[in-house]
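This report looks at how two chains meet and at selected contacts within each of them. Please keep the structure in view while reading.

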Protein chains: 2
Amino acid sequence: MSEDYKQEIRNLELFTAMDEANFRALVRGAYVQNFPPRIDLIHENDPPDFLHVILSGSVDLFSVWNGRETSMATVRPVSTFILAASVRNLPYLMSARTLEKSRIALIPSQDVREVFARDSAFAQAIVAELAQCYRSVVKNAKDLKLRTSFERLANYLLRQQERTGDVAFDLAMEKRRLASFLGMTPENLSRAFKGLEPHGVKVDGSRIVICDLAELTRYAKPNPLIDDYAT
Amino acid sequence: MSEDYKQEIRNLELFTAMDEANFRALVRGAYVQNFPPRIDLIHENDPPDFLHVILSGSVDLFSVWNGRETSMATVRPVSTFILAASVRNLPYLMSARTLEKSRIALIPSQDVREVFARDSAFAQAIVAELAQCYRSVVKNAKDLKLRTSFERLANYLLRQQERTGDVAFDLAMEKRRLASFLGMTPENLSRAFKGLEPHGVKVDGSRIVICDLAELTRYAKPNPLIDDYAT
DNA sequence: AGGCCCGCTTGATAAATGTCAACTTTGCGA
DNA sequence: TCGCAAAGTTGACATTTATCAAGCGGGCCT
């Protein structure tokens with residue numbers, strides 16, 4: 001692995017505080033790979049051989065049951081995924097596939113577990129990361145259980161508005177994947193966009209304009225305990 | 001706090017491996033309290049003053065948004081809750097109330113964070129616990145997104161069957177709470193029980209008998225990656 | 001024992017969401 | 001530039017789920 005990549009990984013919150021020698025040990029067995037779009041990286045139920053770090057591109061985490069499929073999250077650079085499975089050495093709960101051309105570092109889970117056992121700074125960083133992940137999924141579960149699909153979309157749009165800092169933005173993913181992520185069908189997403197028009201949302205292809213932020217906020221009733229990614 | 005309580009807490013997986021002196025420091029500022037049924041212990045968005053350890057009784061974790069309420073989990077002895085908020089020092093995402101008379105130990109979060117920073121065995125135990133919690137919520141989200149309410153109930157019953165080791169058992173909670181936990185209304189739960197009768201489920205009050213386990217299994221299609229609590 | 005409260009059930013109805021099929025639009029490669 | 005494939009949209013309809021109102025029934029207090 002090149003020094004550039006190592007530095008990029010080192011700059012991740014998960015790896016900044018740890019001991020240099022331990023970090024070297026961690027990346028010694030690691031390697032970086034380029035993947036074309038729509039490649040399966042991980043299949044749920046596989047043993048967690050590698051901790052994945054996405055350096056460029058984007059990855060979809062999804063799950064399947066009984067012929068149905070749902071998108072659980074999108075991972076973007078620079079961050080890791082499937083940390084929980086790696087540290088506990090338990091099978092992946094989600095599958096992963098690239099959405100676009102992506103560069104991904106693979107760190108053997110075995111090494112992660114060994115280093116984590118002896119580097120307390122690393123262990124602390126893992127605690128912080130896992131707590132963060134846990135809270136994200138809890139928020140997601142609250143979103144699903146407490147809101148209708150229209151409300152989920154409205155709040156999603158407000159989060160994007162917040163993230164981009166602009167009332168006009170492009171959707172970060174295909175509508176069909178957004179639908180799956182929000183727990184609905186593509187058809188229903190189409191109707192939800194229509195249904196939000198009276199609440200200040202204009203849609204043209206993947207271009208979104210929130211032309212009445214106050215009204216959309218009134219409708220969506222965003223709540224930090226569901227919608228704030230930071231906390 | 002009595003030595004008995006301390007020992008009970010010490011036996012929790014979270015606390016067994018840590019240094020004795022650090023454990024003493026942790027429980028020094030802790031205290032045990034008895035609560036009557038239906039008492040609010042924690043309100044979501046409160047700062048995480050205490051890590052809670054439930055010694056007896058049971059506690060409901062729930063969330064509220066826009067006048068709607070949903071039950072997220074039930075905590076039973078002996079285990080902790082709201083660990084993620086404690087270690088990250090971020091507001092609680094869920095509220096908690098006792099379901100019955102309960103004895104609960106309260107450990108100041110400040111102490112948890114301090115000890116966790118210097119006791120690597122404790123940090124490792126926290127990692128294991130958080131990873132476990134994370135995986136549980138992911139499974140819950142998959143359950144919600146991939147299954148209908150009838151299917152969720154069917155799989156819930158199979159999990160109970162597995163847990164008790166008996167095809168006949170009593171529901172562990174009120175039906176109205178079970179409905180909320182499964183993400184449906186009490187009325188719909190009633191109909192779901194009816195709907196499962198042809199699939200081998202007999203209901204009399206809170207008494208459940210799975211009289212055709214094979215048929216219920218065929219209908220429910222349980223999956224370890226959603227339904228196994230252990231992994 | 002009587003009566004009342006509360007949880008549960010049931011039926012009727014409405015709302016939310018999914019399915020299917022047809023059509024339109026878009027992006028891309030020949 | 002054309003034409004195709006895939007994504008998106010739309011309408012009709014089916015299914016799932018929620019809501020509302022009424023009634024049932026057990027537990028519990030007096």
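## Salt bridges and the chain interface

Over all chains of this predicted model, the count comes to 30 salt bridges by the rule applied here. One of them joins the side chains of Arg10(A) and Glu20(A), with an N to O distance of 2.8 Å. This pair links distant parts of the chain, since Arg10(A) belongs to helix α1 (residues 3-10) of chain A and Glu20(A) to helix α3 (residues 20-28) of chain A, the two residues being ten residues apart.

Across the interface of chain B and chain A, the rule finds four salt bridges. Between Glu151(B) and Arg68(A), the side chains meet in a salt bridge at 2.8 Å, N to O. The two salt bridges named in this report are set out below.

| Residue pair | N to O distance |
|---|---|
| Arg10(A) and Glu20(A) | 2.8 Å |
| Glu151(B) and Arg68(A) | 2.8 Å |

Polar contacts between chain B and chain A number 26 residue pairs, counting those in which both residues are at pLDDT 80 or more. On the side of chain B that touches chain A, at least two residues each are supplied by β4 (59-65), β5 (68-75), α4 (83-88), α5, α6 (120-146), α7 (149-164), α8 (175-181) and α11 (224-227) of chain B. The largest share of that side, 20 residues, comes from α6(B). Sorted by class, the residues of chain B that touch chain A divide into 31 nonpolar, 14 polar and eleven charged.

In terms of extent, 56 residues of chain B are in contact with 56 residues of chain A, and the area buried between the two chains is about 5,000 Å², of which carbon and sulfur atoms give 72%. Within chain B, the residues that lose the most area to chain A are Trp65(B), Leu93(B) and Lys145(B), which together account for 17% of what that side buries.

## A helix pair within chain B

Helix α3 (residues 20-28) of chain B packs with helix α5 (residues 109-118) of chain B at an angle of about 170°, their axes lying 9 Å apart. Because angles over 145 degrees count as roughly antiparallel, α3(B) is roughly antiparallel to α5(B). From α3(B) the contact draws on Asn22(B), Ala25(B) and Leu26(B), while α5(B) contributes Asp111(B), Val112(B), Val115(B) and Arg118(B). By class, this contact of α3(B) with α5(B) has four nonpolar residues, one polar residue and two charged residues. Helix α5 of chain B also figures among the elements that supply at least two residues to the side touching chain A.

Terms used. Residues numbered from 1 in each chain as written. Chains lettered and ligands numbered in written order. Predicted model: local features only at pLDDT ≥ 70, side-chain atom pairs only at ≥ 80, totals over all residues. Heavy atoms only, no water. Axes fitted to C-alpha atoms, helices over the stretch in contact; angles between N-to-C directions. Helix = DSSP H or I, 4+ residues; strand = E, 2+ residues; numbered from the N terminus. Parallel < 35°, antiparallel > 145°, perpendicular 65-115°, else oblique. Contact = heavy atoms within 4.5 Å. Nonpolar A, V, L, I, M, F, W, Y, C, P; charged D, E, K, R; others polar. Buried area = accessible area lost by both parts, 1.4 Å probe. Polar contact = N/O pair within 3.5 Å; in protein donor to acceptor, adjacent residues only side chain to side chain.
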